[in-house]
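Dear colleague,

Please find the structure below, with its sequence.

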Amino acid sequence: MKYVGLPAAMWALYKGSFRDHLISDLRFTKDTAAKITRDAKPVYKSIIDKLPEFEKDDRFVTNIVNCALLVAFLKCMDRRPSVDELTGFYENAMKIAPTKMMCKAAGRSKFSDKDINSQKATAALRAGDRNPYSWNMDYIPYDNGTGYEARFYSCGICTLMKEYGFFDLVPAMCHLDYTMSELGGAS
């Protein structure tokens, strides 16, 4: 995966929010936040360049790109935040207008035939078998027909965070799933 397309767009979209929330949520000074942001860009590019290409139908490429972004910022901080601190930082940094719009759009189609078929296709793809930075999941419909569960048992975020020494901070990233679901109105 090269630093073009999605990775470059994600950097452009979120770098300002990450910088601002370094100040408001993690209490870095404005100058330190600016330095962390400057230093994080080449680290992010390096992480992205080391990732393998994702399969065409792999829906989790955005997740790993976001993880690479967070890891790059973590690597450039002079102190390690706690899981709780990082959870608040990441949630707030990701809740920008385009993310909210994407979540609302996804929420409107949640539990539709298209959504259910997409979940089933993702489960059948088992991309994590071929790419350690992707995911494997099971699609489990509720017996009463009111919804479904996506149960993950292979996680690209876990792989990448472990590789860079941040495995203990994975819950901060996982929490965003709940935030995005709430933003979409389909929890």
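**Aromatic pairs**

There are ten aromatic pairs in this predicted model, where rings of Phe, Tyr and Trp (its six-membered ring) pair if their centres lie within 6.5 Å, and planes under 30 degrees apart count as stacked, over 60 as edge-to-face and the rest as tilted. One of them joins F18 and F89 edge-to-face, with 5.4 Å centre to centre and 85° between the planes. This pair links distant parts of the chain, since F18 belongs to helix α1 (residues 6-24) and F89 to helix α4 (residues 83-94), 71 residues apart. Helices here are DSSP runs (H or I, at least four residues), numbered from the N terminus.

F18 also forms an edge-to-face pair with Y90, at 6.3 Å centre to centre and 80° between the planes. Because F18 lies in helix α1 and Y90 in helix α4, this pair ties together parts that are 72 residues apart in sequence.

F18, F89 and Y90 belong to one aromatic cluster with W11, Y14, Y44 and F73.

**Charges over rings**

A charge sits over a ring if NZ of Lys or CZ of Arg is within 6 Å of the ring centre and within 35 degrees of the ring normal. The charged end of R79 is placed in this way over the ring of F28, 4.2 Å from its centre. Likewise, the charged end of K162 sits over the ring of F167, at 5.1 Å from the centre.

**Helix α8**

Helix α8 has 15 residues (170-184), so at 1.5 Å a residue it should span 21 Å; the expected span is 1.5 Å times one less than the number of residues. Its end C-alpha atoms are 22 Å apart, which agrees. The buried residues of α8 are V170, A172, M173, L176, T179 and G184. C174 lies in the helix as well, but counts as partly exposed because its relative accessibility is 34%. C174 and I157 are 17 residues apart in sequence, and their C-alpha atoms are 8.8 Å apart in space. After α8 comes G185, with a positive phi near 70°.

**Notes on the model**

Residues are numbered from 1 along each chain as its sequence is written, and side-chain values use heavy atoms, with hydrogens and water left out. As the model is predicted, local features need pLDDT of at least 70 and side-chain atom pairs count only at pLDDT 80 or more, while totals for chains, interfaces and linings use all residues.

Methods:
Helix = DSSP H or I, 4+ residues; strand = E, 2+ residues; numbered from the N terminus. Buried < 20%, exposed > 50% of the residue type's maximum accessible area, 1.4 Å probe, protein only.
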